[in-house]
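Hi,

Here is the structure I promised to pass on. Have a look at it first, and then read my notes below.

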Amino acid sequence: MSKSNTAAPSPSHHRPADPLALAKSDGVVAGQPIKRSHHGFRGVPPPPVFDFDALPDGALLNEHETAAVGRWSTNTLAAWRLREGHHGLRWVVIAGGFVRYRVADIRAYLGDATPRKRKPRRADVKPRSRATADAVPATQEPAR
């Protein structure tokens, strides 16, 4: 086998560095099909590229755009939707089952300064400290 000086083709799961290369190639780059990720993006998206203040109140934003405006993870938005009635950010489901957020609802949520509700601390429970005086070393068994 002889070695050639050509670069090895990239793995099929990598996208090309040039997005136009994919658009011009009908999904095939360097003779290999581009494999689509079926997992979806669930992290914190970069800041929005649009002016949120210039949008009308009736405009609908998708989950990715809404997460970019609030700097939330898309997982966070999904978890909030599971807590029906317990979260202030409202959403709508449009035809096809797509989730959208109205700009007016996002503005109302961001403008609401209500603190999060936490469970009240029980008076009969003392806070635990990390270093306690009666701590038993890991190599020693407690007395019974």
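Which residues does Y101 touch, not counting residues up to four places away in sequence? With contact meaning heavy atoms within 4.5 Å, Y101 touches A59, L60, L61, N62, E63, T66, L77, R81, L89, R90, W91 and I106.

Before you go further, a word on what you're looking at. This is a predicted model, where local features need pLDDT of at least 70 and side-chain atom pairs count only at pLDDT 80 or more, while totals for chains, interfaces and linings use all residues. Residues are numbered from 1 along each chain as its sequence is written, and side-chain values use heavy atoms, with hydrogens and water left out.

The pLDDT (the predictor's confidence in each residue, from 0 to 100) averages 74 for the protein, and 58% of the residues score at least 70. Over residues 4–17 it stays under 50. Where pLDDT is low, the predicted coordinates should not be read in detail.

Now back to Y101. Helices (H or I, at least four residues) and strands (E, at least two) are DSSP runs, numbered from the N terminus.

Next, the aromatic rings. Rings of Phe, Tyr and Trp (its six-membered ring) pair if their centres lie within 6.5 Å; planes under 30 degrees apart count as stacked, over 60 as edge-to-face and the rest as tilted. There are three aromatic pairs by this rule. One of them is W72 with W80, edge-to-face at 5.3 Å centre to centre and 70 degrees between the planes. W72 also pairs edge-to-face with Y109, at 5.8 Å and 65 degrees. Because W72 lies in the loop between α2 and α3 and Y109 in helix α4, that pair ties together parts that are 37 residues apart in sequence. Together, W72, W80 and Y109 form one aromatic cluster.

Are these three buried or exposed? Buried means under 20% relative accessible area, exposed over 50%, partly exposed in between (1.4 Å probe, protein chains only). W72 is buried at 14%, W80 is buried at 13%, and Y109 is partly exposed at 23%.

Cheers
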